[in-house]
Every structure is written in C-alpha cells, then in structure tokens.
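Morning, everyone. Let me put the structure up, and then I'll walk through it.

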Amino acid sequence: NSITVSSGNLAIDTDGDLTLEADGDNIHFTVSGTEVMELDANSRVSCSNADAGSYNTLFGFQAGALIASGDDYNTFIGYGVADADMTDATYNTAVGYLALSALTTGDSTVAIGARCGTAITTGTQNIFIGASSGIALTEGSRNIAIGNSALSSADNTEGRNIAIGYEALKDLDSPSGTSLYNIGIGYQALTALTDATFNVAVGDL
C-alpha cells in the first residue's frame, strides 16, 4: 500500500489530523477503478464541523453555502439547498433540489422535495412535502402543504393554511397575503380558491 501525492499537499499534524489540499479543481475517490465520489469547490459536506454555524448538517452542491455564525441547528441536503445569505436562520430542514433556496431569516421550516419552499425568505414554522409544494410562498408562516404543487401560488404572507393532496389549494393567492385558515384535503381540493379565509373542503376539487 502506498500514498502518492503528485500535486497539492497531504499532511498529518501532531494531533493526528489528516489534511488533504488539492491544487486542481477536484478530489476523486475511487474503489477498484470506479469513481464513487468527487468533491470540488462547490461541494458542501459538514457534519456540524465544517461551517460557520453550529450543529448544522450539510451535504450537496452549494448546500448552505453562505451559512454564517448564528445559522444553527439546520439540516440541508441536496443541490442548491438553502444557498442564500442567511442571518440567524435556525432549526430548518430542507432535502431536495433547490429546497429553501431563498431562505434568509426563517426558522423551523421543513421542506422535503424538489423545488419546495424555494421562495421562503422570512416565513417560519412551515411544512412542505412534495415537489413544488409551497414554491412561491415568501413570508407566510405555519402552513402545511403536502403533495406535489400543493399551496403553490401563495406568494406573500398567507398563513395557517393546510393543503394535503396533489395541487390542493393550488391557486390560493391573496395580493395582501390575507388568505388564512383554509383547509383543503384531497386531489385538487379547493384548487380554484384564490383570496379567502376559513374554508374547509375534503375530497376531490
């Protein structure tokens, strides 16, 4: 067995820590001639130890790229997840392509699925599960959107809505952000509802 370094540095310090510094653009990991992982300058991998915040877990292209001191207790996994400039954003979980990619100060939001919650900036305590769920919401809080494209038009401070099912509450969008306390459960439940409050529907359309 041998270690060969033709460019860059491989060092073990007095504490036994191993440091690998590449002069090129990429670090390749291969097993039996097959590449199993590649890291470059855009790769983000942190197990609560390689970012400026505390207790964060990061994995993916530019995931949590601009995390700073005060951005704590977050889990960001996927391409471009939560890659905006955050300030004291805490207790967020985002998994999937571009999930929570505009997050700035929002806290305690869960976004699981490609492009879900991508516009959330300051909104808090939301749950988005499913591709493009809550995709346009910016400052709304305490919403639950489960299903592809659920609650996908709301783009302001709409809050306390529950949308469960494919495209449930899809067109809910109040210009003033006052669409509140609506519940739509089922395939395209309340999909035509736009600017309204205190509605409940269970079942298709």
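Predicted model: local features only at pLDDT ≥ 70, side-chain atom pairs only at ≥ 80, totals over all residues.

Is cysteine 47 buried or exposed? Cysteine 47 is exposed, because its relative accessible area is 58% and the cut-off for exposed is over 50%. Cysteine 116 has a relative accessibility of 0%, so cysteine 116 counts as buried.

Now the sheet. Ten strands form an open sheet. The order reads S5-S6-S7-S8-S9-S10-S11-S12-S13-S14. Pairing is mixed. Which strands are at the edges? Strand S5, residues 43-47, and strand S14, residues 200-202. Each of these edge strands pairs on one side only. On average, neighbouring strands of this sheet are turned by 10 degrees against each other, ignoring direction.

Let's go inside that sheet. Strand S10 covers residues 127-129, and strand S11 covers residues 144-146. S10 and S11 run parallel, with three bridges joining them.

Next, a hairpin. Strand S3, residues 26-31, and strand S4, residues 34-40, run antiparallel. Six bridges join S3 to S4. Threonine 30 stands opposite glutamate 35 in S4. How many residues lie between the strands of the hairpin? Two. Serine 32, in this hairpin, takes a positive phi near 50 degrees.

Last topic: aromatics. The whole structure has six aromatic pairs. Look at tyrosine 181 and phenylalanine 198. Their ring centres are 5.0 Å apart. Why is the pair called stacked? Because the planes are at 5 degrees, and planes under 30 degrees apart count as stacked. This pair links distant parts of the chain, 17 residues apart. Tyrosine 181 is in the loop between strand S12 (162-164) and strand S13 (183-185). Phenylalanine 198 is in the loop between S13 and S14.

How accessible are these two? Tyrosine 181 is partly exposed, at 37% relative accessible area. Phenylalanine 198 is exposed, at 62%.

One more aromatic group to find on screen. Tyr55, Tyr73 and Tyr91 form one aromatic cluster.

That's my tour. Over to you.

Note on methods. Residues numbered from 1 in each chain as written. Heavy atoms only, no water. Pairing = 2+ DSSP bridges. Helix = DSSP H or I, 4+ residues; strand = E, 2+ residues; numbered from the N terminus. Axes fitted to C-alpha atoms, helices over the stretch in contact; angles between N-to-C directions. Buried < 20%, exposed > 50% of the residue type's maximum accessible area, 1.4 Å probe, protein only. Phe/Tyr/Trp six-rings, centres within 6.5 Å; stacked < 30°, edge-to-face > 60°.
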